[in-house]
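This briefing covers a predicted model.

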Amino acid sequence: MKYLVLGASAAGINGAKTLRKLDKNSSITLISVDDKVYSRCMLHLYIGKKRNLETLSFIDKDFFNRNNIEWIKNKRVSKVESKEKKVILEDGTFHEYDKLLIATGSSAAIPPVENLREGKNVFTLRNLEDAMAIDKLVNISKTAVVIGGGLIGIDIAVELINRGLKVHIVEMVSNILPMQLDERSAKTYERELMKRGATILTDKLAQKGVLDSENNVVEVILTDGTRIGTDMVVVAAGVRANADFIEGTNIEFDRGIIVDNRCQTAEEDIYAAGDVCANKPGIWPLAVNEGITAAYNMVGIDKKIESSFGFKNSMNFYGIPTISIGNPNPKDHSYQISIYDDGQIYKKIVHKDGIVYGAIFQNDISYIGPFTKIIGDGIAMDSIDKNIFKIGYGDFFHVKPNGEFEYKII
Amino acid sequence: MKRIMIDKDKCMACLGCVLGCMAEHNEKGKSIYDLDLEDRTNESRNHIELDHKQNPIPIVCRHCQEPECAITCMSGAMTKNDETGLVEYDKDKCAACFMCVMSCPYGVLKPDRVNKEVIMKCDMCDNKDTPRCVEFCPTKALYTVEVME
């Protein structure tokens, strides 16, 4: 058997590792554009000089050797020939496979704002090369505009501020981190950012960049006419799947590769995992889980994704941790909202008829993991007569014969 | 692998397991006589919850076969050791993103309370024969068994 894995991030690495765990003898080859394995979730820490090339890695140094995986780095795939079961690289070489795992991830997109795509000092943050380029320019910059006040935007803003820059954050809705937080919990971070000199421009959209003679954006103009002079621009506003090479195959695609709950595509012997897939938030744990699940099915062991619940995020800015699960901003008044707020610790649970739909835990996240399970699986809680903030795994406690926990639904 | 079993009906909520864990992880010495309960930097990796019927429930890490904390970890700090079966935590690799706290379905994990930089994670007392929580449990609500994974 010859396994071929495309991509060296969360899904690809965990897929390859699991293939080796399950099949000690077959050949496993991993091909990637990346020539280093690193955690994309930590790239902002490179900009902040808190991590270097070595500490950005999420695998051991001898990972490929120890797992007997052949790693072909620095190579981009140009085409998958599914009939002949081979993958053609941009350099013209090809690799045959019996089972293929596509885990090529996604790329950050620059929105179609005038002059942003042209600007030499305009960046996204998706790859190590992006982080290195930003790091270089930070050395000679005093101000930066961050377009997009989501998780990645704020991650970047925090580190640019740490490096001494005056940072302007442009967010199109009324508070930062709108996908994860509500106004109350977003304010906590907005205050911390402003304390450190950041300007937060909410309810605003970037309309245009003004280029100098060297094609650097020196000013960003917002739709309300606000003009912000800047030395650099970082855009954190969405991604697109890296899957151009599937053209000509029967793999179904709708803003991402469509897979079943075994991570199989419509094409026989081709699997996909991670951010390259459609219909779900691109978050690390889902990518890992899909990589593992694909690997099981590739070696012929039936395994399904049990939960692809991905509306969960944790963040930790300025020593204040927050975990957000589900949708903490109810769409109408039919939901009940339970709030605990002592000025430092803020907890919000959105529920209806015993089902919890969303929650925010800020500055006290101890032991809150069960809420991810309760919200993700839609576990009913109406029979639990207890302060909702005190609900924990103890209320669902059950031990399997092998000592593992499971949920006893009451 | 060895797993700490829990017989919740035997638990009297004496918090012996909590003290045992704190004693084991006390940098000033592992004896119970070294334990300073006012030292906020010394925290237990286990805890006891009260369920909705006010029954005490000891919550101790399972070192799961498919550990959500390790699956979710984006820094490589939380890993399943396939040889020992333990889910190991390396605080030097940890980026304090707290995805593991969010992901443990059993609510075992929390950040340290002083700096909120390190995860309070059971290390099975470095795989010694009897973990301190078990050693300190007077009712045998906690005991160890060998299990096949």
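## Helix α1 of chain A

In the predicted model, the buried residues of α1(A) are A:Ala10, A:Ala11, A:Gly12, A:Ile13, A:Asn14, A:Gly15, A:Ala16, A:Lys17, A:Thr18 and A:Leu19. Ten of the 13 residues of α1(A) are thus buried, so the helix is largely enclosed by the rest of the structure.

**Cover and length of α1(A)**

- The cover over the buried residues of α1(A) includes the strands β1 (2-6), β2 (27-31), β3 (69-72) and β7 (99-102) of chain A, together with α7 of chain A.
- The end C-alpha atoms of α1(A) are 18 Å apart, which agrees with the 18 Å that 13 residues should span at 1.5 Å a residue.

**Packing of α1(A) against α7(A)**

- Helix α1 (residues 10-22) and helix α7 (residues 284-298) of chain A have axes that come within 7 Å and cross at roughly 35°.
- The crossing of α1(A) and α7(A) is right-handed.
- On the α1(A) side, the contact is made by A:Ala10, A:Ala11, A:Gly12, A:Asn14, A:Gly15, A:Thr18, A:Leu19 and A:Leu22.
- On the α7(A) side, the contributors are A:Trp284, A:Ala287, A:Val288, A:Glu290, A:Gly291, A:Ile292, A:Ala294, A:Ala295, A:Tyr296 and A:Met298.
- Sorted by class, the residues in the contact of α1(A) with α7(A) are twelve nonpolar, five polar and one charged.

**Domains of chain A**

- Chain A is divided into domain 1 (2-107 + 239-298), domain 2 (122-235) and domain 3 (312-407).
- Between the C-alpha centres of domain 1 and domain 3 of chain A the distance is 33 Å.

**Domains of chain B**

- Chain B is assigned domain 1 (1-60 + 122-143) and domain 2 (63-106).
- The C-alpha centres of domain 1 and domain 2 of chain B are separated by 20 Å.
- In chain B, five residues of domain 1 are in contact with five residues of domain 2.
- The side of domain 1 of chain B that touches domain 2 of chain B has three nonpolar residues, one polar and one charged.

**Contact between chain A and chain B**

- Chain A gives 38 residues to the contact and chain B gives 36 residues.
- On the side of chain A that touches chain B, at least two residues each come from α7, β19 (312-317), β20 (320-326), α8 (369-377) and β24 (397-399) of chain A.
- That side of chain A consists of 19 nonpolar, 13 polar and six charged residues.

Methods
Residues numbered from 1 in each chain as written. Chains lettered and ligands numbered in written order. Predicted model: local features only at pLDDT ≥ 70, side-chain atom pairs only at ≥ 80, totals over all residues. Domains from an automatic or database assignment. Axes fitted to C-alpha atoms, helices over the stretch in contact; angles between N-to-C directions. Helix = DSSP H or I, 4+ residues; strand = E, 2+ residues; numbered from the N terminus. Left-handed = near helix turned anticlockwise from the far one by under 90°. Contact = placed C-beta atoms within 7 Å. Nonpolar A, V, L, I, M, F, W, Y, C, P; charged D, E, K, R; others polar. Expected span 1.5 Å × (residues − 1). Buried ≥ 20, exposed ≤ 12 C-beta atoms within 10 Å, placed from the backbone.
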